[in-house]
Amino acid sequence: MSPPEKELTVMLVDNEPARAAIVEQAMLDSGYRVIRRLENAQNLTQAVTESQPDMVIIDIESPDRDMLENMSRLTKDNPRPIVMFAEEDDSKYVEAAIRAGVSAYVVDGVQSGSVKALLQVAIARFREFQALRLELDSVKTQLEDRKVIEKAKGLIMKHQVCDEPAAYQALRKLAMDRSQRMIDVARNVISVMELLGEKR
Amino acid sequence: MNITAPNTVSLQSQPVRVGFIPLIDCAPFVVAHEKGFFCAQGVQVELSKEASWASIRDKVAFNLLDGAHMLASLPIAASLGIGTVKTSMESSFTVSHNGNAVTVSNALYQNLVKFSNDVQDIRSGAALKRFIASKKPTDPTLRFAIVYPYSSHNYQLRDWLAQAGIDPDKDVQIIVITPAQMMSYLKQNEIDGYCVGEPWNSLAVEQGVGHILVTGYDIWGSTPEKVFGVNSLWAAQNPDVYLAMIRALNRACEWVDDKQNQSELLSLLSQPDYLNCPAEQLIYGFNTLKPKGQFDWPLEAYQRFSGADINRPLPNYALWILAQMSRWQQLAKIPSLNQVVEQVYRQELYYQALGLVCPEGGSWKITKQQEKAFLAAVASGNVRLHPDGVLKGICF
């Protein structure tokens, strides 16, 4: 890439500090200047006016996007929505950005090649973050599930006066007989036992 | 919380993806979903809460959503490609009329009272005009907030200011803030006033943060506020599903307007998946009851959701919106007005969906020769909406 393109200045608006940090680092590694990072957009308009970035990258789920939409209308110097630059035959990268949750605003006159390159960096990091979050969510769910199964096992052990492997086997058999997931059976067991417990 | 209605045949393989913004007037979408009206029509719908109008527009344009709860002017703006890539969007069903108002801060209100103690002068903006004229050049410019540049809020505020002889681009500053943040900006004196939908006007009065000056109804009469807007490509590919959704929304709108359902409606809307707020604060969107302020809120000013006059697309309103866009320099070039209106506000599908006979249309059309004169007359304030609203037409 030629040096002038590297001079692109970027402003990041993201209420997810962890993601913002990842994206910023990736931008720096690719030679872009992140001149400002905002976590919320309380002073977004002012920040854009002061810092005059070539490009603003903002989380598509940010309610503050409509603020930027208005700015771009006011003067030609303000960044305009990336979707305005999406030509019919070249809209794939914009679509990819929207799918990844990235929206961008670009000032007039920035070469579309540089915009695309920078957007690629952001898209990649947004996706990576998304994958990480999904993984984290699934780990969390697994942990939660395990806790529920443990609790059900404990209740069965107490109720049936049996040891842990026997309680586990009982749960497993129930799940197989009913073609249900262990976690669902465990939840049922807990609610039934609690109901019985209350009546007793 | 899906309620599946019995004896229904599914019309499609993929659920229809519909976006909405958590505002009071998303009620018909929430109700059609939660009360099983979509299901009863054989349609699977996936509702998706969105954070901004820009996000709704982009996702519908790039097929991440098939349709959405939209500002009535949004499908027009998208179809013209203003502020976005040009994408054909259309609407055949209006979900609500009215609901907006102009509210000002206590400080500004005190100043207005200094310049006139006549209610009419305050409501008409005459007092504001006098106050602005009295300001020194070094005084800060008054700031008003709206929710989106291509919205009824923007056009109503601008029209109200212009009618009072105030230039919305020179005499005041107009910025965009999300509805939920309006009150805190007003409290912190970051802005002097705003034009927004309910409950943010009534709440400001109730909490002593501001005063309502006029309603959107005072300014324009009864006019469409939100529509069910869809990507035209999707509409063309899924005609049966589309018509079934219009029927479901029509049913939902009747349900919303039925006072008997109000407490259930408020509790549905207040849920975390939707507006995520106390049910009590939503009542202002559906009630004639307004908090005690300086002025009475006219009875007809509150939102209406149901009735043929409310739900059918009103092409003359689309024409009016196009004229507003032209008036406030949002159009780079003037398109063929009739053509845009016909493509975006498709009345015939509304009648078809509900099994009604489509009346002879086209009376709203203006000739190519009249276009320029029409736009100029709207821009100068000489052409108005009928005081009863767009149903009675545009007054030349």
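**Around one aspartate**

Author: Leaving out residues up to four places away in sequence, A:Asp59 touches A:Val13, A:Asp14, A:Asn15, A:Glu16 and A:Gly101. Contact here has a cut-off: C-beta atoms, placed from the backbone, within 7 Å. This is a predicted model, where local features need pLDDT of at least 70, side-chain atom pairs count only at pLDDT 80 or more, and totals for chains, interfaces and linings use all residues. Residues are numbered from 1 along each chain as its sequence is written, while chains are lettered from A and ligands numbered from 1 in the order in which they are written.

Reader: Got it. Is A:Asp59 buried or exposed?

Author: A:Asp59 counts as buried because it has 22 C-beta neighbours inside 10 Å. The rule is 20 or more other C-beta atoms within 10 Å for buried, 12 or fewer for exposed, and partly exposed in between.

Reader: And which strand is A:Asp59 in?

Author: A:Asp59 lies in β3 of chain A, residues 55–59. Strands are DSSP runs of E with at least two residues, helices are runs of H or I with at least four, and both are numbered from the N terminus. UniProt, in an unreviewed entry, also annotates A:Asp59 as "modified residue: 4-aspartylphosphate". Such annotations may be inferred rather than shown by experiment.

Reader: Ok, new topic: helix α2 of chain A. Which of its residues are buried?

Author: They are A:Arg19, A:Ala20, A:Val23 and A:Met27. Seen down the axis of α2(A), these fall within an arc of 100°, so they line one face of the helix. The arc is taken from the directions from the helix axis to the C-beta atoms.

Reader: What covers them?

Author: The cover includes β1 (9–13), β2 (33–38) and α6 (112–160) of chain A. On the other side of α2(A), A:Pro17, A:Ala18, A:Gln25, A:Leu28 and A:Asp29 are exposed. Just after α2(A), A:Gly31 has a positive phi of about 90°.

Note on methods: Two residues are in contact if their C-beta atoms, placed from the backbone, lie within 7 Å.
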